[in-house]
Amino acid sequence: MARVDYDRMAPDYVEGRVLPPEGMEPWRQAIRPWLPAEVARRSPVLDLGAGTGQFAAAIAGWFGVEVVAVEPSGGMRAQAARAHPHPGVAWVAGVGERLPLGDGTCAWAWISTVVHHLDDLDGVAAELRRVLRPGGLVLLRQAFPGRMGAITLYERFFPGAGAALVATGGLPTVERVSGAFAGAGFQVEGLRAVDQVSATSLAAYRDKVRRRADTGLRLLPDDQFAAGLSALDRAVDAETVPAPVVDRIDLLVLRRRG
């Protein structure tokens, strides 16, 4: 996976990747069935690769838990403190291959659109087994190769971005992720697609896309990005009745055995 300077990208990431409330609610509903009341009250929860903190703050508020947000980028952590502060979230510098947490610390873990940035997926899976309690869950939100046909960015306007992500070899399939976690003592408990509102209108979506706050967009040559943005401009001009932009992202659930 080509490297992106997330310290420099952080300000654009806040605006370019944020979901509206209508986009967050489907994820609350998707997560909740996996967390019986006694589990939801346990703390802390790990948010690995927490970025600018929208999900960390939301999870703390939704379920009344403490969240340890592990994020390697100082720029991202600084933006999180400004954009998504929450008293239940503790921010920690760290990477998935060497989690700064004790054994059996966490009840469950959340990983949102991060697996393609992990240098050693097998090592991360082993670390997650170490820091999770027996029976603990990993809830993994991710676009997977072969399952990206209902993502507006890649399907409609920037097909080269999705292709670039896959071509780097850094975007693992469901089978690759499941296999890595199986090797660390996890079993797949569920896989489902979640429809989220990524923007309340095509014009609002364009404003986000212009930030180029997506790894696939950063991998595109500038001329391809400009061409896709022009196509998006034309679609906005042609839209007579604003409608939400809905994307379908997977939720993969894995449980620690023993």
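The legends below describe close-up views of a predicted model. Residues are numbered from 1 along each chain as its sequence is written, and side-chain values use heavy atoms, with hydrogens and water left out. Local features need pLDDT of at least 70, side-chain atom pairs count only at pLDDT 80 or more, and totals for chains, interfaces and linings use all residues.

**View 1. Helix 10 and helix 12 cross in a left-handed sense.** Helices (H or I, at least four residues) and strands (E, at least two) are DSSP runs numbered from the N terminus. The axes of helix 10 (residues 202-209) and helix 12 (residues 222-238) come within 9 Å and cross at roughly 160°. The two helices are therefore roughly antiparallel to each other (an angle over 145 degrees, taken between N-to-C directions on a scale from 0 to 180 degrees).

**View 2. Residues in the contact between helix 10 and helix 12.** Helix 10 contributes Leu202, Ala203, Tyr205, Arg206 and Val209, while helix 12 contributes Phe225, Leu229, Leu232, Asp233, Ala235 and Val236. Contact means heavy atoms within 4.5 Å. By class, this contact has 9 nonpolar, no polar and 2 charged residues.

**View 3. The buried and exposed residues of helix 9 (residues 174-183).** Val174, Val177, Ser178, Ala180 and Phe181 are buried (under 20% relative accessible area, with a 1.4 Å probe and protein chains only). Seen down the axis of helix 9, these buried residues fall within an arc of 160°, so they line one face of the helix. The face turned away from the buried side carries Glu175 and Gly183, which are exposed (over 50%).

View 4. Just after helix 9, glycine 185 takes a positive phi of about 95°.

Terms used: Parallel < 35°, antiparallel > 145°, perpendicular 65-115°, else oblique. Left-handed = near helix turned anticlockwise from the far one by under 90°. Nonpolar A, V, L, I, M, F, W, Y, C, P; charged D, E, K, R; others polar. Arc of directions from axis to C-beta.
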